[in-house]
Amino acid sequence: MKSFALFKKDWESELRTRYAINALAMFVLVTISVIMFSIGDEKITEYLTGGLLWVVIFFSAMSGLSRAFVSEEERGTTLTLQLIASPTTIFSGKLLFNLILVFLMNVAITILFSMLFDSFVIKNLSLFLVAFLLGNVGIAISSTIIAAIISKASSKGTLYPVLSFPILLPLILTLLELTKFSMDGNSISSSFVEIAVLFSYDIIMGTASYLLFDFIWKD
Amino acid sequence: MTNYTVELNKLVKYFGRRLIFDGIDYSFQSSHVYGISGPNGSGKSTLVKIISCLISPTKGKIKHSFEGKVIEEEELHNFLGFVSPYLFLYDEFTAEENLQHISKVRGIKFNKERSDFLLNEFNLYERRSDLLRGFSSGMKQRLKFAFALLHEPQLLILDEPTSNLDYSGKEKVYEFIKSEGKTKLVLIASNEEADLALCERVLELQNFKNQQPR
């Protein structure tokens, strides 16, 4: 409940300040527009649209999800949070906020992709949904812990993509593979290994994040 | 009467190679008001942050106990009220919304009666529905006292409590320190003579800078 209260505080704060929502919306629109302009009348393969989808998602996550902790640090309210809640509550609240943001953002990006790119055709929707769900959880967990790390650094803007790339790379590569499989119409059972990798990634990142957050959070 | 104690055991703090203080052994007990004093840079704020478990000491230990039971670091926020000039509340919320959100994140039910009482005492009741971004620094400082006292903490740590406050604000703060100090533990880190005059004992930090650099 405390984590949910923190999420609610962050959500109301976000609706008033629009720290992350505006950054994410602008980034998504600009990136998709640039892709469309650069493609022009060319017909691109369905695999390429699948790849582009995760590229847009990856960079959008870079632009908006760090706000969860950076905005607290910039406003000087980190101390206030430290004084009112335990590190576990704080991490859970921030993770919940990023999860909601990632899902909203990625649903919007996927809908835009399916509307704008004719070749973006998913033949096995249930496989894509499983990958999408597990992928979003992984992105949210990784982004939240990286945001906590970089919020303490002086060069936040540079550090976020630098740290995120190696951490998110295995996740994005697996998601690309699963998106390809879902475009080919493969069954869930034949993609079991990739799904297990995604699931394991989420569990490992979640456990490691909860264990590490205490050390990151305290000076 | 409650029994809250804070024991500092051989506390040492370095920032890099610079020694801030060395070998602080001290015990604070409830129903008293203690002062922490020293020249600028002597580590007053550092010490109160260490006592609040916001930062770690380089060496030594801090033990918080309430009614004979040791308080774990993760639970300390339930017992602690903290006011300082480097503490900031949320500018995008009103004074009352700040207190509501903070209560809920603490995991306690928002006590409207207590909130109204504190806002009234600190002369903010009329402005309770205004966003904090429109508040002056003195008004924000007053609200920090409402923030610190809302959950009726056993330990009240006040770092430069009267900074930015006008005469009436200071008088109100002193009134609260006196009343809270009767049953609870109050620590004041300050150089202001008027602040330290309220303290029964004062810990002088310049006495804890003996060691050679590392």
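Trainee: Where is Glu160(B) placed?

Mentor: In this predicted model, Glu160(B) sits in the loop between S7 and helix H5 (167–183) of chain B. Its phi is positive, about 45 degrees, although Glu160(B) is not a glycine.

Trainee: Why is Glu160(B) called partly exposed?

Mentor: The relative accessible area of Glu160(B) is 35%. Buried requires a value under 20% and exposed one over 50%; Glu160(B) therefore falls in between and counts as partly exposed.

Trainee: What makes Asn164(B) partly exposed?

Mentor: Asn164(B) has 49% relative accessibility. Exposed means over 50%, so Asn164(B) is still classed as partly exposed. Asn164(B) is also found in the loop between S7 and H5 of chain B, and has a positive phi of about 70 degrees without being a glycine.

Trainee: Why do Cys53(B) and Cys199(B) count as buried?

Mentor: The limit is under 20% relative accessible area. Cys53(B) has 17% and is therefore buried; Cys199(B), with 12%, is buried because its value also lies under that limit.

Trainee: How many disulfides does the structure hold?

Mentor: Zero, over all chains.

Trainee: Which strands form the open sheet of chain B, and what makes two of them edge strands?

Mentor: Five strands form this sheet in the order S6-S7-S8-S3-S9, with parallel pairing. Strand S6 (80–83) and strand S9 (201–204) are the edge strands because each pairs on one side only. From one strand to the next, the twist averages 15 degrees.

Trainee: How do you know that S3 and S8 of chain B are paired?

Mentor: Pairing needs at least two bridges. Five bridges join strand S3 (residues 32–37) to strand S8 (residues 185–189) in chain B, so the two strands qualify as a pair. Within S8(B), Leu187(B) is the bridge partner of Tyr34(B).

Key. Residues numbered from 1 in each chain as written. Chains lettered and ligands numbered in written order. Predicted model: local features only at pLDDT ≥ 70, side-chain atom pairs only at ≥ 80, totals over all residues. Heavy atoms only, no water. Helix = DSSP H or I, 4+ residues; strand = E, 2+ residues; numbered from the N terminus. Axes fitted to C-alpha atoms, helices over the stretch in contact; angles between N-to-C directions. Disulfide = S-S within 2.5 Å. Buried < 20%, exposed > 50% of the residue type's maximum accessible area, 1.4 Å probe, protein only.
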